[in-house]
Amino acid sequence: MKRLRFVLKSILTVIAVMSIVSLFWTAAYFITEALYTQFAWRPHPLVRQIISSILGFLLFGMTMSAISPFLRKREKVFWQHLIDAINRIAKGDFRVNLQADWGGRNHPFAELVTRINDMAANLQAMEEMRQEFISNVSHEIGSPLTSIRGFARALKNEDLSREQRLHYLDIIETECVRLSKLSENLLRLAMLDSDHYPFHPTSYRLDTQLQTLILHCEPQWAEKELNMCVLFEKVIITADEDLLSQVWLNLIHNAIKFTPKGGTITIQLQRRGEQAIVTVSDTGPGINEHDQLRIFERFYKADKSRHRAAGGSGLGLSIAKKIVDIHHGIISVQSQPGEGATFTVELPVHGPVS
Ligand SMILES: Nc1ncnc2c1ncn2[C@@H]1O[C@H](COP(=O)(O)OP(=O)(O)OP(=O)(O)O)[C@@H](O)[C@H]1O
Ligand SMILES: [Mg+2]
């Protein structure tokens with residue numbers, strides 16, 4: 001269909017050009033004939049032919065140069081709009097929406113307009129993300145700082161008891177830990193976002209890594225009297241050990257943080273074909289469907305009013321997802337409110353194959 005349209009268009013163009021050329025040559029013929037009659041001079045037919053051809057060319061050239069500014073006007077307006085739009089983009093105004101009214105969607109000008117509109121829309125989305133990121137970071141830094149300042153001021157009061165003083169110092173210390181964890185996580189994310197993150201895959205026992213990390217977290221889960229159930233198959237994986245340990249720690253820390261005292265955490269590892277499957281389940285409050293779609297976003301917390309003691313800035317799962325993505329794996333959550341949550345990580349055992 002497209003080819004047929006192209007052939008028809010070409011034939012029509014050739015017919016139009018030939019008609020216009022014949023028109024000018026006919027005009028030239030009649031003009032020269034009229035002049036010969038006027039001056040009663042009749043040169044040789046060859047000379048007549050040459051004169052008539054030259055005049056045809058001249059008439060054609062003059063007419064075309066007279067009407068071309070009108071033909072180009074639309075093109076000129078188009079380029080002016082395009083230059084204006086690019087200038088606005090260069091100045092940081094990405095609300096650009098050029099109209100693509102050039103002969104069909106496949107016309108190169110229409111394609112150029114579509115590309116510029118897409119580029120502006122992407123830049124606008126990135127700008128909104130950047131602003132949201134800055135406002136989230138400011139908020140996450142602002143609230144501990146306000147609290148530190150308030151308690152530091154309160155500590156100046158000489159009438160405070162020793163217990164009160166220690167309590168306030170504890171709060172200040174907790175807020176400082178929260179701030180340093182935030183800066184650590186932000187640096188980690190920036191590093192993972194850049195194309196130069198250190199990525200050193202090696203082959204190692206995934207079950208041993210998980211076991212070591214669970215033991216490492218024992219003081220935290222033992223303090224909350226949580227039952228830790230583990231079910232591991234022996235799995236050798238090719239992956240970046242340091243990066244993956246961050247994933248497991250973030251998932252285990254969440255499970256410990258959100259599971260009430262006396263609850264149970266179950267961690268399983270199995271090999272299914274070429275995939276290693278790790279699941280971390282808990283008996284915590286669970287996550288509703290709406291939040292499940294957003295918890296892997298940066299700074300997203302399902303319960304905004306969560307008590308400060310629970311801590312966290314909503315970065316742990318986004319870091320985990322980023323690392324799993326780097327390994328060409330999948331991280332997902334299954335949960336029902338009130339019935340705990342299960343996080344599943346699927347990773348190719350032979351490492352990321354690009
Ligand atoms: N096991 C879980 N049970 C219930 N909710 C969870 C669980 N894990 C994560 N969430 C929800 O997902 C949100 C995002 O988790 P994420 O680990 O990214 O952030 P965080 O734990 O709040 O802070 P951070 O990890 O930066 O210290 C949490 O705030 C919480 O609402
Ligand atoms: Mg977390």
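Colleague: Quick one to start: is L251 buried or exposed?
Modeller: L251 counts as buried, at 2% relative accessibility. Buried here means under 20% relative accessible area, exposed means over 50%, and partly exposed is in between, using a 1.4 Å probe and protein chains only. Bear in mind that this is a predicted model, where local features need pLDDT of at least 70, side-chain atom pairs count only at pLDDT 80 or more, and totals for chains, interfaces and linings use all residues. As for bookkeeping, residues are numbered from 1 along each chain as its sequence is written, chains are lettered from A and ligands numbered from 1 in the order in which they are written, and side-chain values use heavy atoms, with hydrogens and water left out.

Colleague: Thanks! Where is L251 found, and what does L251 touch?
Modeller: L251 sits in helix α7. Helices are DSSP runs of H or I with at least four residues, strands are runs of E with at least two, and both are numbered from the N terminus. Leaving out residues up to four places away in sequence, L251 is in contact (heavy atoms within 4.5 Å) with V280, L317, I331, F343 and V345. Its C-alpha atom is 11 Å from that of L210, which is 41 residues away along the chain.

Colleague: Let me zoom out. How is the chain divided into domains?
Modeller: There is domain 1 at 2-93 and domain 2 at 202-348, with bounds from an automatic or database domain assignment. The centres of the two domains, taken over C-alpha atoms, are 73 Å apart.

Colleague: And where does UniProt place the transmembrane region?
Modeller: The unreviewed UniProt entry puts that feature at residues 12-31 and 51-71. UniProt positions follow the numbering used here, feature names are shortened, and annotations may be inferred rather than shown by experiment.

Colleague: What is the chain like over residues 51-71?
Modeller: Residues 51-71 are 100% helix and 0% strand, with 30 Å between the end C-alpha atoms. Residues 12-31 are also 100% helix and 0% strand, and there the end C-alpha atoms lie 29 Å apart.

Colleague: On to charges. How many salt bridges does the count come to?
Modeller: The count comes to 16, taking a salt bridge as a side-chain nitrogen of Lys or Arg within 4 Å of a carboxyl oxygen of Asp or Glu. One of them pairs E127 with R130 at 3.0 Å, N to O. Those two residues are 3 apart in helix α3 (residues 108-155), so about one helical turn separates them. R130 is partly exposed, with a relative accessible area of 44%.

Colleague: Which side chain does K301 meet in a salt bridge?
Modeller: K301 meets E140, at 2.9 Å from N to O. K301 lies in the loop between α8 (289-292) and α9 (316-326), whereas E140 is in helix α3, so the pair ties together parts 161 residues apart in sequence. Both K301 and E140 are buried.

Colleague: What about E225 and K261: how far apart in sequence are the parts that pair ties together?
Modeller: Their side chains form a salt bridge at 3.9 Å, N to O. E225 is in the loop between α6 (218-223) and β2 (227-232) and K261 in the loop between α7 (241-258) and β4 (264-272), so this pair ties together parts 36 residues apart in sequence. E225 is exposed at 52% relative accessible area, and K261 is exposed at 60%. Elsewhere, salt bridges that share partners join E33, R42 and R48 into one network.
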